[in-house]
Amino acid sequence: MGMEKKLLTLAIVLLVVTSGCLFKPPAEVRFSIDRTTVPPGGTLHLMVLVNNTGKVGLTGATLVLGDDNFQILQEPRFPDVLPVGKAIQLVWILRAPFRPGYYNLKVSLELTDELKRTWTGFYGQFRVLVSEEAPLPGEVELNITGPGEIQAGKTAVITVTMRNTLEIPVTPVDLRLDLLKGMVVVGADTLPEKIPGGGKVALKYTVKAPYAHREGYISAILRYRVENTERSIVGSLPVEVVWTPWNEDEDVLREAYGLKYHWIVDRYLVDGYWAEKYNSTPVFEGGELRNLTMGIVAGSKSERQAAESILRWMTGRYSLGDTTSTLEPAKILPQDRISYAEGQILLTAMLRSINIPARIVTLYRGLDCTKRPITEFYTADGWHVVDIKHDFVGSLDEYLASPYFPRLYQLITEDGYHIVAQNPVRLEGHEHVDVTGDFMANLEDRLLAVVKSRLRPELRSKLMVVMNDLDENERLYALFLFSSAPSEEELNRVFEEYSAKRIEKNVKTMYEFYRGMEWSDDFTRYWRIFAGEV
């Protein structure tokens, strides 16, 4: 009977495996490129059709290049979830090698699903000639033209020209524009039913730019039929969207920033508790700072570039310390030595003076709300952080994935602190709003996304192997370690040299040793231990 049971079990396992119940591929994937001959340093487009044939939604796709001579210039945006039974065509824009010759472009795709599993085994290979000679014309040539620079909030005309080099007509099936984030098509010509042999058709698309800085490629993806065969071709146009809110009027600013507009015109910078503690009135008067700030941010093309310019000016002009004497920007400005808190107040006022929503954010635990001040400024992509003490400017998620957040996390989760945004109206005590949730919500997923973006594509699966073998607390500690690497090169070096088991073991050992201690303000210290540098 024992042998019969074993044979029956084996038969069931074989039946399940052969029927695909256990190892059913999550998707059908097809690779293609738009050209096989390209000039040195030129661009080519890798098109990947992903059809979700699995059992759960797909949430991401990572392309791994097998030849370092090719570079990824722009990755496509994957939908939040690609549902079962749905397909999507993704386009990666690649830069070809600069040295002429034949190259074997090998690519692989890694897919992630809603269960945070990683799927591999999707491969493509193409022979590419890098040559100064003009490539032979294809069946259909596609050219996209338009302005290289667009002002935020304005419209521009993008022209897509299709030329049929064949003697027989071709049938356009679909023409899709892949726009920069936030761009929308507000007007378009109609796709023709046919393009006659030797014919040419030009379509005009009117696109509106968002109130945000953008830089990248607009792509046109044409699907067409030649007799009974369907094919695709892609064309791209480099574009930069410039957003300078300091040159805009109130109506535009209200449209651009919506409910966040008040962070430009609010009169006070910090609340009544600060005013009483320092015997000073934190009044904001934009006019007195605007001319100075306009000179400092000249040439900037976004809120972030402006903030970076102000920070560089400030750290070059002032000696910074811990003694706060005034909360008034007009009195802070002429001094030679100021506190970090005074620096954050002045920087916040300067940002507001050039029409960028900005606020002071601090720690609070029942009484004092002046601890660890930083500045937040708002963009179409969300809040960004300026931390003068740590010479940091970046998005909120980038700040969470910096060496300076883990200690704040510990103060919040273990010492009962809250993160608050100063929101004074009358200077009557504590007038601030709790924004702890902005920093803590979905923290692991946000850190993971940043760390993955810093790793080379071929190393991201190793990261996921490590993460899957850690418990919840260890995973967060691991992400704090990885995001505290002093450079992307250093992070990639360690992930390349260390095995997944070694990384996992080091994380577990360090977490157990340090979890009951007060962490350093700069988590880079622990990265250096993890990486074996000390």
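Which residues line the largest cavity? I will answer that after a word on the model. This is a predicted model, in which local features need pLDDT of at least 70 and side-chain atom pairs count only at pLDDT 80 or more, while totals for chains, interfaces and linings use all residues. Residues are numbered from 1 along each chain as its sequence is written, and side-chain values use heavy atoms, with hydrogens and water left out.

Now the cavity. The lining of the largest cavity consists of Thr 62, Glu 110, Leu 111, Thr 112, Thr 118, Lys 452, Arg 460, Ser 461 and Met 464. A cavity here is a set of points, on a 1 Å grid over the protein atoms alone, where a 1.4 Å probe fits but cannot get out; lining residues have an atom within 4 Å of a point. The structure holds 1 cavity of 30 Å³ or more, and the largest has about 60 Å³ of space. Volume is the space filled by probe spheres set on the points, with grid points joined across faces, edges and corners. Strand β7 (101–113) and helix α13 each supply at least two of the lining residues. Helices (H or I, at least four residues) and strands (E, at least two) are DSSP runs, numbered from the N terminus.

Next, the second largest pocket, at about 1000 Å³. A pocket is an open set with protein on both sides within 12 Å along at least five of seven lines. Of its 38 lining residues, Ile 33, Asp 34, Met 47, Ser 232 and Ile 233 are the closest to the centre. β16 gives the largest share of that lining, 7 residues.

Two of the strands that contribute to this pocket, β1 and β3, also belong to an open sheet of 4 strands in the order β1-β3-β6-β5, with antiparallel pairing. Strands count as paired if DSSP finds at least two bridges between them. The edges are β1 (27–33) and β5 (71–74), each pairing on one side only. Inside the sheet, β3 (residues 43–52) and β6 (residues 87–95) share 9 bridges, with Leu 46 opposite Trp 92.

Buried means under 20% relative accessible area, exposed over 50%, and partly exposed in between (1.4 Å probe, protein chains only); in β21, 6 of 6 residues are buried. Antiparallel to β21 runs β20 (residues 371–379), joined to it by 5 bridges, and a hairpin of 2 residues connects them. Tyr 378 has Trp 383 as its bridge partner. On to β22 (residues 392–395), β21 makes 4 antiparallel bridges; Val 385 is partnered by Gly 394. This second hairpin has 4 residues between its strands, and Asp 391 in the turn has a positive phi of about 50°.

Beyond its neighbours within four places in sequence, Phe 480 is in contact (heavy atoms within 4.5 Å) with Phe 405, Pro 406, Tyr 409, Leu 443, Leu 447, Trp 519 and Phe 523.

Helix α14 (472–483) is also among the elements covering the buried residues of α15. Those buried residues are Glu 490, Leu 491, Asn 492, Val 494 and Phe 495.
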